[in-house]
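Here is a short briefing on charged side-chain pairs. Please look at the sequence and model first.

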Amino acid sequence: MEAKPFALGYVGVGLMGLPMVQRLLKLGWHVRAYDIVAERIAESGAVQCGSASEAAHDVDVVLLNLPTNDAVADAVFGDQGVAKTLRPPQLVVDFSTIPVEACRTHAVRLEKQTGCRWLDAPVSGGPPASAAGTLTVMAGGTEEDLARLAPLMRDVAGRCTRMGRVGAGLAAKMINQLVVGVGHAMLAEAVTLCEKAGVDAARIPECLGGGYADSNLMKAYWPRMVERDFAPRGYVRQLLKDLEMVSKWAAGLEATTPMLTQALFLYRELAKRGHTDLDTSAIRKLYD
């Protein structure tokens, strides 16, 4: 196996991070990892570290894959954060979905504090794409930094697009989550309508395949809604967090988003009913 060009630190070995780390190791990458749940690191097979700061030792690039902005801030700037260790030309790459302006603030602070740069690289595709190396990556940062990461991106992404300066990748992710969140609500409504009309809902993806209604979202989530298979591949709580973030971002831009408002209402209701740890397709439950 050909040697990989640089070593990796990885912070956040959860639903998305675990399959990515396992894939990277299989492909020959050297990975030092940290997670607040030590068992996840052991399951990943990476070099086990006791803190985010330790994971950043003797590596070239530190990857973050965390559920919230607070988690990102603590992993980077906390008492045992990576900023305690980082020195140029180390680079931080954040796969997390956090607010655009928070990302830019972190990047400025990191460079001022350590001299190291930040690249935002939020992803779409879920755990299966993370395991298969077919994620869609929306990147924000310098062309130079993204070129440096090309060997890594070839191994984790089916598509990686630089959208502009730091934060631009997250702006694209906001658009992605708007489409995904509204799309979930639309699919749940359509599945319900099929069933009430006596149409074989399971055959709809086949019937509509190749037409304007066809999509990756339909292929992935329609069958789960029909089968009421809500085992988590992604969590309701995470999509709700993202939709709240998109709503706040859109309000700051004075954008009108009535469809987002409705999808957000539905996911808030789903959370109120205690379904935060189910798959995002569980929005179907609101129509039962």
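**Salt bridges in the predicted model**

Aspartate 288 and arginine 284 form a salt bridge, with the closest N and O atoms 2.7 Å apart. This pair belongs to a network: salt bridges that share partners join Glu195, Arg228, Arg284 and Asp288. The model is predicted. The structure holds 18 salt bridges.

- Aspartate 288 is exposed, because its relative accessible area is 59% and the cut-off for exposed is over 50%.
- Arginine 284 is buried, because its relative accessibility is 2% and buried means under 20%.

**A link between separate segments**
- Aspartate 277 pairs with arginine 237 in a salt bridge, and their closest N and O atoms are 2.7 Å apart.
- Aspartate 277 is partly exposed, at 44% relative accessibility.
- Arginine 237 is also partly exposed, at 35% relative accessibility.

- Glutamate 269 meets arginine 273 in a salt bridge, at 3.0 Å from N to O.
- Glutamate 269 has a relative accessible area of 22%, so this residue counts as partly exposed.
- Arginine 273 is partly exposed, with a relative accessible area of 47%.

Conventions
Residues numbered from 1 in each chain as written. Predicted model: local features only at pLDDT ≥ 70, side-chain atom pairs only at ≥ 80, totals over all residues. Heavy atoms only, no water. Salt bridge = Lys/Arg side-chain N within 4 Å of Asp/Glu carboxyl O. Buried < 20%, exposed > 50% of the residue type's maximum accessible area, 1.4 Å probe, protein only.
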